[in-house]
Amino acid sequence: MKRFGLISVPYLWLLALFLVPFLIVLKISLSDTALAIPPYTPTLDMSEGWAGFKEWLSGLDIENFTWLTTDDLYWKAYLSSLKIATFSTILALLVGFPIAYGMSRAPDEWRPTLMMLIILPFWTSFLIRVYAWKAILSQEGFLNQLLLNIGLISEPLTILNTNTAVYIGIVYTYLPFMVLPIYSALERLDESLLEAAEDLGCSRLSAFWLVTLPLAKQGIIAGSFLVFIPAMGEFVIPELLGGSKTLMIGKVLWEEFFSNRDWPVASAVAVVLLLILIVPIVLFQKNEEKQREAGK
Amino acid sequence: MSEAALATAPAEFAPWEDAQATPLIRFQNVTKRFGDFTAIDNLTIDIFEKEFFALLGPSGCGKTTMMRMLAGFETQTEGTILIDGQDVAPIPPNKRAVNMMFQSYALFPHLSVAENIAFGLKRDKLPKDQVAARVDEMLNLVQLDKFASRKPHQISGGQRQRVALARSLAKAPKLLLLDEPLGALDKKLRQDTQFELMDIQEKTGTTFVIVTHDQEEAMTVASRIAVMDHGKIIQVDTPAKIYEEPGSVYVADFIGDVNLIEGTVTTSGDDHATISWAEGQQDLIGIAHDEIPAGTRATLAIRPEKVNIATERPADMTNIIHGKVMDIAYLGNMSTYVIETPTGQHIKAQAANTRRIRRRAITWDQDVWLSFTDTAGVVLTS
Ligand SMILES: Nc1ncnc2c1ncn2[C@@H]1O[C@H](COP(=O)(O)OP(=O)(O)OP(=O)(O)O)[C@@H](O)[C@H]1O
Ligand SMILES: [Mg+2]
């Protein structure tokens, strides 16, 4: 009994913080908009008992989901988010892997410092850091001034309010999530494995392909999901750094909620986003499990 | 060895005695330092083709470092290493016809047992069927056929060691470096593998350099043994020579069981030296190839199994020691007797147990006489 109690704690936690909110969102997505507080019907009226519940149930329908398919804004936004998240993940991997590799090769006494440098940005607000990029990327920003001063360009570049700025923002923000799992995989890699590979006829480069990369694979997969999943639903970065043409589902969601005050449609958007993300989340979990097994 | 003996044994493998033979490996005044720590100290040694060369020495004496320099993972601080007459300093590990079995095995955790063994063969771009055939052969050799598709973390320590051995053998290299290849195996499998190694060596003509902590193993497989200490080679010789005629007290003590009897040299010459060692005991004679000045402190090293034990004073022996039985250790096929001399020294003698214990003649506290011939022990000054 006592054991059961202990095991149930994390499940209760998940139930309260994940399942219940999800069920609420799901319920709202099946409701209709209304000029009321909260701005949707039906609301469950407990005082009418069973009949009230039945009435409430009959008020629910999937109208909002069909609505999502009629306006092409939505699927375009999903697709655009998917594209931006995918490219950001690839970019983060291209930047993050060399960083993680360099850290794992660094002398032992440097590693805590390097690790610190990776984690340090988390000590300030995410919002402030993204705002700072506005100051860097704008027409009169630091980057353009620097490039103009050293004569590399003659006209300021337009970066802010484009998708490029969104990519920069996402890669910058989620880089630590890419670096840390790869680093932890590479750090465990035994140097003598590379020596053995060389001994058996590999060049340095092929030893990297045949030994280092496969052994870092799980770290790479974990890092990629940790970047991809939040990037998919990202709102703040496209809002602050992206332009009017930057289409992301997070932005659409925000607009439905706060500009249109259409909670049911916004909820439907959120539910679909979650369903899309379930695939990579499950894959991520599988990868973690495999890693744990191999680590034994 | 006399000329007659040499003439009657022409087939004997001893290239190190042949001034014309060119060694496969030459260490010339090689020193290796890590920071200010000297791991290999001005070491010079020749190893010949088809040798089975064993490195023996206490932990940390530089055995692995020597191997790593041969494989190409460390560069010597000073001196030259030649393989096949070629200075190997600029040659990277993957371009050397040398394979190494790592002390830590270094198996690839993401590859199966078979893939680990195939790894080096695939790098040679061998056709698939040849790789598969060779892998099967190796799996068979180390008796791991059933485990071909397992990952390294799914097999036992001894099995992992065998995979590492098979992987290093697979490419049939010219020079094979084995860093404690059999340490984790049980006695039976170890002996089988030892003979297998010697067999492979005979068939392929591969030169083996093997590190071992097991003297018996070194004795069984090696053509020559190098005893190392603190980055230096103390003695290099055939197993028999190392055992029978150690050049120093260190080597005598390191290899096998030995009685070390300290004394002062009285006479020397004609390949022998005599030491006086205790009051009331007669002087002892042993082998000494170099003449030792009288009065020098020296040690007579004598193996317990060369010491006879008797209840009566033997008549015709050169070396006789009188004492009392202090301890008897029954080892099954033989017994070790520890004898205390009247001056308090302890000397061991070994005798085969040809009779049942109950009828054995010698018991505790009995007066006994130990004896050995004048060529059984060696007189050592260092
Ligand atoms: N990379 C290194 N940096 C500093 N010291 C080292 C390094 N590699 C080896 N040493 C030192 O060199 C000495 C010889 O090491 P080596 O590994 O050759 O010993 P070994 O004879 O193989 O010992 P064992 O029997 O325990 O394997 C040791 O004292 C070791 O600490
Ligand atoms: Mg070693």
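Helices (H or I, at least four residues) and strands (E, at least two) are taken here as DSSP runs numbered from the N terminus, and a residue belongs to the shell around a ligand if one of its heavy atoms lies within 4 Å of the ligand. The model is predicted, so local features need pLDDT of at least 70 and side-chain atom pairs count only at pLDDT 80 or more, whereas totals for chains, interfaces and linings use all residues. Residues are numbered from 1 along each chain as its sequence is written, chains are lettered from A and ligands numbered from 1 in the order in which they are written, and side-chain values use heavy atoms, with hydrogens and water left out.

**View 1. The shell of residues around ligand 1.** Ligand 1 is surrounded by 13 residues, the closest being B:Ser59, B:Gly60, B:Lys63, B:Thr64 and B:Thr65. Strand 2 (37–47) and helix 2 (63–71) of chain B each supply at least two residues of this shell, and helix 2 of chain B gives the most, with three. By class the shell holds four nonpolar, seven polar and two charged residues, where Ala, Val, Leu, Ile, Met, Phe, Trp, Tyr, Cys and Pro count as nonpolar, Asp, Glu, Lys and Arg as charged, and the others, Gly among them, as polar.

**View 2. Polar contacts of ligand 1 (pairs of N or O atoms within 3.5 Å).** An oxygen atom of ligand 1 lies 2.8 Å from a polar backbone atom of B:Gly60. In the side chain of B:Lys63, an N or O atom is 2.8 Å from an oxygen atom of the ligand, and in that of B:Thr65 the corresponding distance to a ligand oxygen is 2.6 Å. Of the 630 Å² of accessible area that ligand 1 has on its own, the protein covers 62%, with areas computed by the Shrake-Rupley method and a 1.4 Å probe.

View 3. A pocket is an open set of points, on a 1 Å grid over the protein atoms alone, with protein on both sides within 12 Å along at least five of seven lines, and a cavity is a set of points where a 1.4 Å probe fits but cannot get out; lining residues have an atom within 4 Å of a point. Because domain 1 (2–97 + 173–249) and domain 2 (258–380) of chain B both give residues to the lining, the pocket lies between them; the domain bounds come from an automatic or database domain assignment.

**View 4. The largest cavity.** One cavity of 30 Å³ or more is found in a search of the whole structure, and the largest cavity holds about 50 Å³ of space. Among its lining residues are B:Tyr243, B:Glu244, B:Ile302 and B:Arg303, and the lining divides into eight nonpolar, no polar and three charged residues. Domain 1 and domain 2 of chain B each supply at least three residues of this lining.

**View 5. Two backbone features in loops.** Most residues other than glycine have a negative phi, and most peptide bonds are trans. The peptide bond from A:Thr41 to A:Pro42 is cis, with omega near -5°, and A:Pro42 is in the loop between strand 2 (40–41) and helix 2 (49–58) of chain A. B:Glu180 has a positive phi, near 50°, and lies in the loop between strand 7 (175–179) and helix 6 (187–204) of chain B.

Note on methods
Polar contact = N/O pair within 3.5 Å; in protein donor to acceptor, adjacent residues only side chain to side chain. Points joined across faces, edges and corners; volume = space filled by probe spheres on them.
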